[in-house]
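Subject: Handing over the structure

Dear colleague,

I am passing this structure on to you, and below it you will find notes on what turned up. Please read them with the structure open beside you.

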Amino acid sequence: MSKLNEANIKTALEIISHYPRPKSALIPLLHLAQEQNGYVTNEAMVHLGELVGVTSAEVYGTATFYEMFRFEPVGKYLVNICGTMSCALMGAGDLMHHAEHKLGVKAGGTTADGMFTLAHAECQAACTEAPTLQVNYRFRYKVTNSDFDTMIDDLKSGKLADEIPGHGVVARIRQRIPADRGVGAIAPELVTENPVWMDGKAAL
Amino acid sequence: MTTAIRYPHAAGFVAGDRPKIVTSRFEHADSFTLERFLATGGYAGLRKALGRAATDVHEEVKSATVLGRGGAGFPAGTKWGLTPQQVFPKYLVVNGDESEPGTYKDRLLMERDPHQLIEGCLIACYAAGLSQCFLYIRGEMALAQERVAVALNEAYAAGYVGKNILGSKFSVDIVLHWGAGAYVVGEETALIESLEGNRGMPRLKPPFFPAANGLYGQPTIVNNVETLANLPWLMVNGAEAFTAIGTKTSPGTRMVAVSGHVKNPGVFEIINGTTTFRDLLYGAEFCGGIRNDNELKAFVPGGGSAPWFTADQLDLPFEASQVGPAGSMLGSGAIMVMDSTTDIPAAALTLTHFYAHESCGKCTPCREGGTWLERILTRIVDGTGTEADLQQILEVGAMICPGDFPHASNEKLGLAAVPFPYKMTTICFVGPSAFAPLHSAITLFRSEFESRLVKRISIPVTAVSTPPTVWA
């Protein structure tokens, strides 16, 4: 089941329909593939190329540029500890050191049970709350060593399962454009006129 | 539908007793819902805008001089006016790829008041005649993506977005798009490349503005989240009320995040142009001083890319026309504070590592130079660097930014300021940004680097005076 499944193909076509050119949907679709399988498989990239009408090499080219896409299995929980300036000033180095000991892996490694992947991350836009980390892109602020231990234990026991989905799922809610409300995406070459409201008169 | 996103608000924002343009709803626990938005004057700005001709609305925004809040500070109204008249369609791309080190404001605006942003997008599309809007949110911001998705779904259902908005002839789609982790995508042409489904590498310039040639080769306006969030208030209250706050050249307010070694780090909406760095760092309503009452060593005034300031520059106001000549930039409203305990070479390394890591690889000076800067600096921080390494850093830097690199003045060192900006050999600002923190650190704190260098004793090599007599 590495290609997109039936339900996800439907979602993929809906996402593609939002854009004037299908290739624009590529990053959201790669996320969809990662959501389904936990990482981006070769088969999925070939499939996505077929869906948006580009070669699998182009899909691979795009996918490998972005850090969130993984091409081999990672732990169920990806723990990204920020190490950029504000967090570094507030003790991110010590936190990473502690995390490596707690999980028994170096930054970049995955625990033997496949539960956790620990990674060094760059600025996460929560600089006033340093040091910060993200677990599957859900924030934890002003993290102390004991906060970290509690969080790992809670993740293991399943206490945080509601709040933090498995790796691959980013946003759990999608934009849906209702057919009767949407204007619809039109290829740029098919638009030949100024928008109707640009006639120098008020729209209302 | 909203049950899944009932998280507590992200921490960090401090309201304070100041005029609020973009954060007026932040005090409400349900500030992100349509109900709250409508109950607090939401979509009134849109209604007002639609009641006027699009060109009128454009003029109003132009006269308010809404400076871009993403980093470059280019006025939004003027930017909209750069699109060619007779080329269609035109697009709006919203830059929500906030990832400049130290910057924390757009995420708050998207998480806490997504409808305000949507309203801002609609006003921009109406005023500048833009046919479709793409709201590009950074990939790592899961909650912001969820909140904006819910808000868009609500807004479509209630008739605020889509076909015939509020029953008028104005129709526009807003498409939520999300990235996948790449700092350089914050550069506007790289953002467009990414939105086209490509590797997020900046495009060659000229054209200097996507307004001429942007998404799918069409005229495209790229605006920052905070810039657009100002528009609803501006429409309701008018340009005059907007320019009454702040100064003539920097009107309105600004979101600023102060982080690092201060007592109360936080995100504040401050009055533009008049608030000084001293107010922000030491003022009781802001950060309340340096932690443990330590001495201030240095601070980054405008995001990781900005040259550093020291206590000598504390009295500068948040005004681009003064901060530029002083040797740095206001950038994205991110201040990072270092107290007297800071290990300066190590602090500079975190930023240089960031930019070396985030180089997209298109321009050689950045791809090679950035990584070499990181490697050489790592040697020095680890205690194995030599005097030649320090010199090498400056030489590599000069290949990314030829000529005098901007830096602050310093009374103790007898340094005069070199004004912003720099010259550069790269397409975008990532390359120079790798050198900026390092240049500041070496210029202002050279002794801290020198004390870590390994002294090499050179042993003179003299030629053997007489050749051996027997060869075989």
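In chain B, residues B:C366, B:G370, B:L373 and B:L377 of α14(B) meet B:V430, B:G431, B:A434, B:F435 and B:L438 of α16(B), where contact means heavy atoms within 4.5 Å. By class, this contact has seven nonpolar, two polar and no charged residues; here Ala, Val, Leu, Ile, Met, Phe, Trp, Tyr, Cys and Pro count as nonpolar, Asp, Glu, Lys and Arg as charged, and the others, Gly among them, as polar. The model is predicted, with local features needing pLDDT of at least 70 and side-chain atom pairs pLDDT 80 or more, whereas totals for chains, interfaces and linings use all residues. Residues are numbered from 1 along each chain as its sequence is written, chains are lettered from A and ligands numbered from 1 in the order in which they are written, and side-chain values use heavy atoms, leaving out hydrogens and water.

The axes of α14 (residues 364-382) and α16 (residues 430-444), both of chain B, come within 8 Å and cross at roughly 20°. Axes are lines fitted to C-alpha atoms, for helices over the stretch in contact, with angles from 0 to 180 degrees between N-to-C directions; helices (H or I, at least four residues) and strands (E, at least two) are DSSP runs, numbered from the N terminus. α14(B) and α16(B) are therefore roughly parallel to each other, a label for angles under 35 degrees.

On a 1 Å grid over the protein atoms alone, a cavity is a set of points where a 1.4 Å probe fits but cannot get out, a pocket is an open set with protein on both sides within 12 Å along at least five of seven lines, and lining residues have an atom within 4 Å of a point. Grid points are joined across faces, edges and corners, and a volume is the space filled by probe spheres set on the points.

The largest cavity has a volume of about 100 Å³, and its lining includes A:H18, A:R174 and B:W178. The second largest cavity, of about 80 Å³, is lined by 13 residues, of which B:C360, B:C363, B:C366, B:C428 and B:V430 lie nearest its centre.

The second largest pocket holds about 510 Å³ of space, and α13(B) gives the most to its lining, with five residues.

With best wishes

Definitions and conventions:
Angles under 35 degrees count as roughly parallel, over 145 as roughly antiparallel, 65 to 115 as roughly perpendicular and the rest as oblique.
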